[in-house]
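Please keep the sequence and the structure in view while reading.

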Amino acid sequence: MNEAKLIRLYKEVTGCEPDTIVELPSSGSNRRYFRLYGKTSLIGVFGTVALENEAFIYLSEHFVKRNIPVPKVLAVSADRMAYIQEDLGDGILFNEIEKGRNTRVFGEEERRLLKDTIRLLPDIQFAGAVGLDFDKCYPVAEFDKRAIMWDLNYFKYCFLKATGLEFKEDRLEDDFERMAQVLMRSSSSTFMYRDFQSRNVMIQDGKPWFIDFQGGRKGPFYYDVASFLWQAKANFPDSLRAELINEYVEALRKYKPVDVEYFNDQLRHFVLFRTLQVLGAYGFRGYFEKKPHFMQSVPYAIENLRCLLEKPYSEYPYLTEVLNQLVNLKQFADERKKHTLTVKVISFAYKKGIPNDSSGNGGGFVFDCRAVNNPGKYDRYKPFTGLDEPVIKYLEDDGEILTYLEHVYSLVESSVARYVERGFTNLMVAFGCTGGQHRSVYCAQHLAEHLNRKFNVKVELIHREQNIEQTFERK
């Protein structure tokens, strides 16, 4: 019966019946999509809710008139449960940036697509809102306090409670109220896409097109920026997020003046809110509906949340406390260990050979300390190591080793920052000197403490010739 509807609609548009109908893979919703081949290729859609279909059909027609790149709806069934739209092909932005998502190194073409996409976002938000009848949006016309509380409770009941974490519901609700107040100070008459993410952007002839906007409504533009840049499995490094925020802000200036400091401060709150909302969705779709795609996304969203909490949200003290407990639950902490960087720092004597990288990567840094003045040539320092005050004072009073370490820090820090961004798990740094006792020990000790303090990474320190091992854990 459904196929018969699509055949009739296809014939209404093209004048002939399709040769073949192929169902496309399902997404997170209950909507079903088909590709109809024949005189031309078109997409057929079955929705389960007539009002949701009406919202998409209306919005598509409106955005086409506003010259916004969306698929045009060509024919609709009498019961409004099925329709035919343009076929934009199979290019999904999420797939087009797959290499970058997997490696956290985004190539030139991937960056171009992302920048083109986010520069288009203000057009659908602002130009798309002109003349738009928000009463036709589904399921609600506007992002308001009630909608905020729905999403926060979605997170609470479908994700937080499902983890088994104990919390005081009244105190959590107090912070939810405060968050609603913060978010609502950004209310505007713009179109809020709501589910703006790389899976909902098609790429045709190298240009982005917007799809799946039927859940949009009147609301603040910050929400879509948070949704796109903190999409769980997009896996954007912070440096790329910063670039894309700058691109968005410049495009936004076409429609309104922007106070960058206020923009970034307010965006933080929407990022936290959106992260909680998607965790609620992952909980419902994954824990309750048993859809594996959503379960696979949970660790990425938890890692986003963990990074957000590194800068405390003082406005929501109890919520922050609960979220810190959440990200440190065993089931999430164990997953994180698989992607946590450990830096191994070793001091050694060249005459006994350069240490092997036990991780199997065969890389890392080996620094030669033998050009630095050697306290070991003086009898009074021979009983000591680079951990002892007399040797430390000698090396630091001389000053050579301090300059040397400045250069070492610069080189190693850049690698650690990129390793953390890319999710690498092992880096080795070795310092060698003649006897592996004074200069190399001093340098290894100071670098280990410096990296643990600055990057909060786990550091395993080994003074090989002294049989001393020390571990600096993440705080």
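On the face of helix α1 turned away from its buried side sit the exposed residues R8 and E12, where exposed means over 50% relative accessible area, buried means under 20%, and partly exposed lies in between (1.4 Å probe, protein chains only). The model is a predicted one, in which local features need pLDDT of at least 70 and side-chain atom pairs count only at pLDDT 80 or more, while totals for chains, interfaces and linings use all residues. Residues are numbered from 1 along each chain as its sequence is written, and side-chain values use heavy atoms, with hydrogens and water left out.

**Helix α1**

Helices (H or I, at least four residues) and strands (E, at least two) are DSSP runs, numbered from the N terminus. The buried residues of α1 are K5, L6, L9, Y10 and T14. They cover an arc of only 145° around the axis, which puts them on the same side of α1; this arc is that of the directions from the helix axis to the C-beta atoms. An α-helix has 3.6 residues a turn, so residues three or four places apart point the same way.

Helix α1 covers residues 2–14, and its 13 residues should span 18 Å at 1.5 Å a residue, which agrees with the 19 Å between its end C-alpha atoms; the expected span is 1.5 Å times one less than the number of residues. After α1 comes G15, whose phi is positive, near 90°.

**Residue A141**

Where is the place of A141? A141 lies in the loop between α5 (108–126) and α6 (145–160), and with a relative accessible area of 26% A141 is partly exposed. Not counting residues up to four places away in sequence, A141 touches F134, D135, R217 and K218. Although A141 and R217 are 76 residues apart along the chain, their C-alpha atoms are separated by 5.3 Å.

**The whole protein**

The protein has 16 helices and 14 strands, and its C-alpha trace spans about 100 × 55 × 45 Å along its principal axes. Of its 475 residues, 51% count as buried. Among the contacts with a separation of 6 or more, 72% come from residues 24 or more positions apart.

Definitions and conventions:
Contact means heavy atoms within 4.5 Å.
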